[in-house]
Amino acid sequence: MSEPVSNVEAVPRCNHCGFGLIVTGQGERQFLPDLFSVLTKFSGCSFKVIRKIDQRGPVTNRLRLKMVGSGSAILDKDEQEIGLAARAFLRNHDCHFVIVIDDVESNRRECIAEIWQRYRTAIDTMLLADERKRAAVHFLANMLEAYYFADCNAVNTALGAMVLPRDHVGDVEEIPHPKHALEKAASATGTSFKERRDGGKIVQALDLERVLQRNDACAYLRSLFEWCVTRLLPNCPVWDPAIGTAFGIQDGIKADLTRHQ
């Protein structure tokens with residue numbers, strides 16, 4: 001469970017904290033660590049992708065029967081690709097942390113709790129009790145491209161055109177098909193958006209404090225950053241105590257499903 005974020009500077013346990021990401025998309029494998037680069041200015045930490053996996057769905061009755069028949073609590077591929085990958089990164093490294101990050105597209109929202117539970121069970125089954133506290137499962141809603149709409153400057157600069165005239169007025173996590181919406185907006189200005197060609201440039205330019213400035217939006221993304229911050233404060237050298245109040249962590253909404261890990 002996440003602890004309240006304190007503004008009091010903690011005594012660090014480590015000189016450096018390493019976060020290992022297990023991701024489900026090719027684009028995320030390529031440039032998702034850049035999403036967290038804003039944290040490195042506050043504290044001694046780094047982020048890297050340690051495994052790319054396929055998206056997981058809920059455990060169906062057929063899969064459950066297969067698990068029962070094999071005498072296993074989790075599926076073999078979940079053990080190999082998720083549990084063992086997490087264990088290898090965490091074991092014997094007290095200041096290592098693991099985050100499984102998946103997209104929660106609109107057509108998967110109705111079963112998101114079951115999907116979360118599958119990932120969570122995979123890491124919990126394979127980790128020691130102390131290691132489980134250093135691992136979490138989080139989601140991007142509906143996908144990484146949704147957050148581009150909260151920082152029009154990053155998009156327009158990366159694409160070299162006025163693709164987005166302003167930041168999205170609502171909660172970007174409720175945009176049904178953000179990737180298609182961005183492709184359409186880019187096409188209307190005579191340019192184009194390609195996920196793997198342009199995503200890295202946009203993510204590098206994203207102002208995460210701007211993306212998370214609205215307290216009534218981005219619950220999933222804020223929960224992810226809250227989890228990271230609450231691990232950094234007691235463990236790593238904090239260069240700027242403002243990390244405790246950044247990203248709307250104190251007052252902004254968080255996702256009930258993922259925040260209590």
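Figure 1. A search of the whole structure, which is a predicted model, finds zero disulfides. A disulfide is a covalent bond between the sulfur atoms of two cysteines. C152 takes part in no disulfide, and the nearest cysteine sulfur, which belongs to C218, is 14 Å away. The side chain of C152 is shown in its setting, where the residue is buried with a relative accessible area of 7%. For C228, the closest cysteine sulfur is that of C45, and the separation of 8.1 Å is too far for a bond, given that a disulfide requires sulfur atoms within 2.5 Å. C228 is likewise buried, its relative accessible area being 0%.

Figure 2. Four strands, in the order β2-β1-β3-β4, form an open sheet in which the pairing is parallel. From one strand to the next, the twist averages 30°. Within the sheet, strand β1 (residues 17–23) pairs with strand β3 (residues 96–103) in the parallel sense over six bridges, and L21 stands opposite I99 in β3.

**Figure 3. Helices α4 and α5 on the sheet.** Helix α4 (residues 76–90) lies across β1, β2, β3 and β4, and runs at about 155° to β3. Helix α5 (residues 112–126) also packs on the sheet, where it touches β3 and β4, and its direction makes about 150° with that of β4.

**Figure 4. The two sides of helix α8.** In helix α8 (residues 178–188), the residues P178, L182, A185 and A186 are buried. These four cover an arc of only 100° around the axis, which puts them on the same side of α8. The buried residues of α8 pack against α7 (152–159), whereas on the other side of the helix H180, K184, S187 and A188 are exposed. The helix is followed by G190, a residue whose phi is positive, near 85°.

Figure 5. Because D198 and K201 are three residues apart in helix α9, about one helical turn separates them.

Figure 6. G27 has its place in helix α1 and is buried, with a relative accessible area of 2%. When residues up to four places away in sequence are not counted, G27 touches L32, E195 and R196. The C-alpha atoms of G27 and R196 are separated by 5.5 Å, although the two residues are 169 residues apart along the chain.

**Figure 7. Salt bridges elsewhere in the structure.** The structure holds 17 salt bridges, and this view shows a selection. E226 forms a salt bridge with K254, the closest N and O atoms being 3.8 Å apart. E226 lies in helix α11 (residues 219–235), and K254 in the loop between α11 and α12 (256–259), so the pair ties together parts that are 28 residues apart in sequence. Both ends of this pair are buried, E226 at 5% relative accessibility and K254 with a relative accessible area of 13%. In a further salt bridge, R134 is joined to D130, with 3.5 Å between the closest N and O atoms; here R134 is buried, with a relative accessible area of 7%, whereas D130, at 46% relative accessibility, counts as partly exposed. Beyond these pairs, R56, D78, E81 and R118 are linked in a network of salt bridges.

Methods. Residues numbered from 1 in each chain as written. Predicted model: local features only at pLDDT ≥ 70, side-chain atom pairs only at ≥ 80, totals over all residues. Heavy atoms only, no water. Buried < 20%, exposed > 50% of the residue type's maximum accessible area, 1.4 Å probe, protein only. Arc of directions from axis to C-beta. Contact = heavy atoms within 4.5 Å. Pairing = 2+ DSSP bridges. Axes fitted to C-alpha atoms, helices over the stretch in contact; angles between N-to-C directions. Salt bridge = Lys/Arg side-chain N within 4 Å of Asp/Glu carboxyl O.
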